[in-house]
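Here's a quick walk through a predicted model. Have a look at the fold, then read on for the core, the rings and the pocket.

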Amino acid sequence: MKLLETLLTQLPALIGVVVGTVGTMIATTVAERARWRRNQTVRWDERRLDAYADFARAVKEVHLLALGMLSAHRPGASRPALDREQGLARLAEAAERHTLTWEGVLLLGDEATVRAAAAWRHAVRALERAARALPDLPDDLGALVQRADEMRDGFYQAARGSLGVRGGTVDQSRRPAEVPVPATRR
């Protein structure tokens, strides 16, 4: 009887220890899972950022090479003219890098960013086709350049949204017309 009394008097303390232990285990498990998810999110965001940046550099390289090849045919072009044969060779290399980086965007990008990347990619390909077709020029070369710039802006907006980057606009295609020129001092 004395053993039973002793057990009953210590039972609340024993139950408290068991409940505390179970509670600690549950809290630790929940915290560890949350930490693991945060680490995974950061890890994938870093990889996503790398994929987007690599893709942007590769597409921009094709874009700049095409513009260089077309610059002699664009009034007011600021890029120096690029020799056709040299341009074609460099375009082939750049197009390969572009294709390889596209896979990273497809693998890691969200739907909106992949769509925007594809639109930019197709717009730059139209410029590339125009450069490859020289000396035959499309009638709408200015519109092709403008479209590629607008699609680039769309890609950057989507990529920034995918990565949770906040801030102002990144539009470059409309910037020259919208930014007022400061008055000069005399």
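## Overall layout

What pattern does the chain follow, read along the sequence? Going along the sequence, you get α-α-α-α-α. The tally is five helices and zero strands.

Keep in mind that this is a predicted model. The chain has 186 residues, and 31% of them count as buried. Now for the contacts with a separation of 6 or more: 66% of those are between residues 24 or more positions apart.

## The nonpolar core

The largest nonpolar core is made up of 36 residues. Which of them have the most contacts inside the core? Those are F55, W120, L127 and F155. Two or more residues come from each of α1, α2 (84-108), α3 (111-132) and α4, and α3 gives the most, with eleven. As general background, nonpolar side chains in soluble globular proteins tend to be buried together.

## Aromatic rings

There are seven aromatic pairs by the ring-centre rule. Take F55 and W120: their ring centres sit 6.0 Å apart with the planes at 80°, so this pair counts as edge-to-face, given that the angle cut-off is over 60 degrees. The pair also ties together distant parts of the chain, with F55 in helix α1 and W120 in helix α3, 65 residues apart.

Are F55 and W120 buried or exposed? Both F55 and W120 are buried. They also belong to one aromatic cluster, formed by Y52, F55, W102, W120, F155 and Y156.

## The largest pocket

Next, the empty space. Rolling a probe the size of a water molecule over the atoms shows where such space is left. The largest pocket has a volume of about 180 Å³. Twelve residues line this pocket, and the closest to its centre are L67, R74, S78, R79 and V145. Both α1 (2-70) and α4 (141-163) give two or more residues to the lining, and the largest share, four residues, comes from α1.

Conventions
Residues are numbered from 1 along each chain as its sequence is written. This is a predicted model: local features need pLDDT of at least 70, side-chain atom pairs count only at pLDDT 80 or more; totals for chains, interfaces and linings use all residues. Side-chain values use heavy atoms; hydrogens and water are left out. On a 1 Å grid over the protein atoms alone, a cavity is a set of points where a 1.4 Å probe fits but cannot get out, and a pocket is an open set with protein on both sides within 12 Å along at least five of seven lines; lining residues have an atom within 4 Å of a point. Grid points are joined across faces, edges and corners, and a volume is the space filled by probe spheres set on the points. A nonpolar core is a set of buried Ala, Val, Leu, Ile, Met, Phe, Trp, Tyr and Cys residues joined through side-chain atoms within 4.5 Å. Buried means under 20% relative accessible area, exposed over 50%, partly exposed in between (1.4 Å probe, protein chains only). Rings of Phe, Tyr and Trp (its six-membered ring) pair if their centres lie within 6.5 Å; planes under 30 degrees apart count as stacked, over 60 as edge-to-face and the rest as tilted. Contact means heavy atoms within 4.5 Å.
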